[in-house]
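Subject: Structure handover

Dear colleague,

I am passing on the structure below, together with some notes on what came out of the analysis. Please have it open beside the text as you read.

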Amino acid sequence: MRGYSRSEDEFEREIRRRYADWEFIEKQPAKIKAALKLFVETGDSYKAAKLAGLTVDEFEEIRIKARIPKVIVREDV
Amino acid sequence: MIASIDTCFLIDWSRYRGRRLLEEIFDYVFVAEEVLGEVKTEKTVEYISDLLAKGFLVIYPFKSELLPLVRRILEVSISDPRIPVLDPPEAYAFAIAYREDCVCLTENKGVLRLVEYYDEFREVKVWRSLELIEYLYRKGLIRDLEGELKKYSEDTRHVFPKKRFG
């Protein structure tokens, strides 16, 4: 089992989950819905786009409509 | 200064109202040709077309020479459970940066972990949008760092939370 998940990964995932428009996501066709959920869990646009059968550019348009952010953590030192 | 840019970063950057700033800090930017296949919307096509026409965006001409390095990068990311598996576009962007000793513009977690965990890749400079915008601020090309991050967030739906990890 892959073990790369670290505390910052979970922190980022939680923000994506919290900001996402779940009503919009649930209304999407099956592949798009699965791709948006994959993005929420991983933050990986390329894999999500390929799952949806879309280009990255097309997937990004949908991600923005679904209000799922890309999370860039600024380390507070 | 030269950079290599990955697919997702370039597509995000094309939506940013300050996208012209990329040309203020880099002499040119390498891109793998696969990126062009991931571009579809009018705004992104126009931006990339403009950069190609200016010769600022350069399709990397020595791609076949990167194959052993790309294979090594992908093998490491697949076999090391600490690293999210990379896909070829990010692997090529990183391989170009490694080989050309230039900045890699990416937000891919696998690339960030490769640099963190592997000495052979540690010298590669990897910038996310945050580091790029901070650099623009340090160079005086933007006046208000927080304001610019807010604009980038609005245009590309990024968030930049602060967090201390112990």
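To begin with one pair of residues in this predicted model, Ala3(B) has Val103(B), in strand β4(B), as its bridge partner. Further along the pairing of these strands, Ile5(B) stands opposite Leu105(B), which also belongs to β4(B). Between β1(B) and β4(B), the latter covering residues 103–105 of chain B, there are 3 bridges, and the two strands run parallel.

Strand β1, residues 2–5 of chain B, is likewise joined by 3 bridges to strand β2, residues 28–31 of that chain, again with the strands running parallel. In this pairing, Ile2(B) has Tyr28(B) of β2(B) as its bridge partner.

Taken together, these pairings form part of an open sheet of 5 strands in chain B, which is ordered β3-β2-β1-β4-β5 and paired in parallel. Because β3 (57–59) and β5 (126–127) of chain B each have a single partner strand, they stand at the edges, and one side of each is left without a neighbour in the sheet.

As for confidence in chain A, its mean pLDDT is 92, with 92% of the residues reaching 70 or more. Among the elements of that chain, helix α2 (residues 22–27) has the highest mean pLDDT, at 98, whereas strand β2 (residues 74–75) of chain A has the lowest, at 83.

With best regards

Note on methods. Residues are numbered from 1 along each chain as its sequence is written. Chains are lettered from A and ligands numbered from 1 in the order in which they are written. This is a predicted model: local features need pLDDT of at least 70, side-chain atom pairs count only at pLDDT 80 or more; totals for chains, interfaces and linings use all residues. Two strands pair if DSSP finds at least two bridges between them. Helices (H or I, at least four residues) and strands (E, at least two) are DSSP runs, numbered from the N terminus. pLDDT is the predictor's confidence in each residue, from 0 to 100.
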